[in-house]
Amino acid sequence: ITTSIQIVLNGEQIQVPSGKNVLELLEHLSVQPDRVAVELDRRIVPKRDWESTAVAEGAEIEIVHFVGGG
């Protein structure tokens, strides 16, 4: 049995599996981790901390995609 939690992702409430860290959440959402920055509860999470940062019920997450250009 997989339990889920509710989070706010980029302003939208969604259900995701519980027990995930930031990196696992990105994988679950099919987001390329090398092209984004992650903000959790209004704080930027350094990439080095993604595996040790748990995503909890009610978390507010913003995923910002980097766009190349010239």
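Good morning. A residue is called buried when its relative accessible area is under 20%, exposed when that value is over 50%, and partly exposed in between. By that definition Glu60, at 37% relative accessibility, counts as partly exposed. I shall return to Glu60 towards the end of this presentation. Please keep in mind throughout that we are looking at a predicted model.

Let me begin with the overall architecture. The protein chain contains one helix and five strands. Read from the N terminus, its elements follow the order β-β-α-β-β-β. The radius of gyration is 12 Å, close to the 11 Å that the globule rule gives for 70 residues, so the protein chain is as compact as a globular protein of that length. Taken along the principal axes, the box filled by the C-alpha atoms is roughly 45 × 25 × 20 Å. As for burial, 31% of the 70 residues count as buried. Among the contacts with a separation of 6 or more, 49% come from residues 24 or more positions apart.

I turn now to strand 3, which spans residues 36-40. Four of its five residues are buried, and the strand is thus mostly covered. Which strands pair with strand 3? One is strand 5, residues 60-65, which is joined to strand 3 in the antiparallel sense over five bridges. Within that pairing, Glu39 stands opposite Glu62 of strand 5. The other is strand 4, residues 43-45, also antiparallel to strand 3, over three bridges. Here Val38 faces Val45 of strand 4 across the pairing. Strand 3 and strand 4 form a hairpin with two residues between the strands, and in this hairpin Asp41 adopts a positive phi near 50°.

Which residues touch the most other members of the largest nonpolar core? That core has 18 residues, and the three in question are Ile7, Val55 and Ile61. Strand 1 (4-9), strand 2, helix 1, strand 3 and strand 5 each contribute at least two residues to this core.

Val55 sits in the loop between strand 4 and strand 5. Is Val55 buried or exposed? Its relative accessibility is 6%, and Val55 therefore counts as buried. Setting aside neighbours within four places in sequence, Val55 is in contact with Ile5, Ile7, Lys20, Asn21, Val22, Leu25 and Ile61. For a sense of distance, Val55 and Ile14 are 41 residues apart in sequence, and their C-alpha atoms are 13 Å apart in space.

Asn21 lies in the loop between strand 2 (12-17) and helix 1 (22-28). Because its relative accessibility is 12%, Asn21 counts as buried. The side chain of Asn21 reaches the backbone nitrogen of Glu24, at a distance of 2.8 Å. Beyond its neighbours within four places in sequence, Asn21 is in contact with Trp50, Glu51, Thr53, Ala54 and Val55.

That list includes Thr53, which is found in the loop between strand 4 and strand 5. With a relative accessible area of 17%, Thr53 is buried, since the cut-off is 20%. A polar atom of the Thr53 side chain lies 2.6 Å from the backbone oxygen of Asp49. Again leaving aside neighbours within four places in sequence, Thr53 is in contact with Asn21, Val22, Leu40 and Val45.

Finally, as promised, I come back to Glu60. How many salt bridges does the structure hold? There is one. Glu60 forms a salt bridge with Arg42, and the closest N and O atoms are 3.9 Å apart. The pair links distant parts of the chain, with Glu60 in strand 5 and Arg42 in the loop between strand 3 and strand 4, 18 residues apart. Glu60 is partly exposed, as stated at the outset. Arg42, by its relative accessibility of 68%, counts as exposed.

To summarise, strand 3 pairs with strand 5 and with strand 4, Val55 is among the core residues that touch the most other members, and the structure holds one salt bridge. Thank you for your attention.

Technical notes:
Residues are numbered from 1 along each chain as its sequence is written. This is a predicted model: local features need pLDDT of at least 70, side-chain atom pairs count only at pLDDT 80 or more; totals for chains, interfaces and linings use all residues. Side-chain values use heavy atoms; hydrogens and water are left out. Buried means under 20% relative accessible area, exposed over 50%, partly exposed in between (1.4 Å probe, protein chains only). Two strands pair if DSSP finds at least two bridges between them. Contact means heavy atoms within 4.5 Å. A polar contact is a pair of N or O atoms within 3.5 Å; within protein, one must be able to donate a hydrogen and the other to accept it, and residues adjacent in sequence count only if both atoms are side-chain atoms. A nonpolar core is a set of buried Ala, Val, Leu, Ile, Met, Phe, Trp, Tyr and Cys residues joined through side-chain atoms within 4.5 Å. A salt bridge is a side-chain nitrogen of Lys or Arg within 4 Å of a carboxyl oxygen of Asp or Glu. The radius of gyration is taken over C-alpha atoms; the globule rule is 2.2 Å times the number of residues to the power 0.38.
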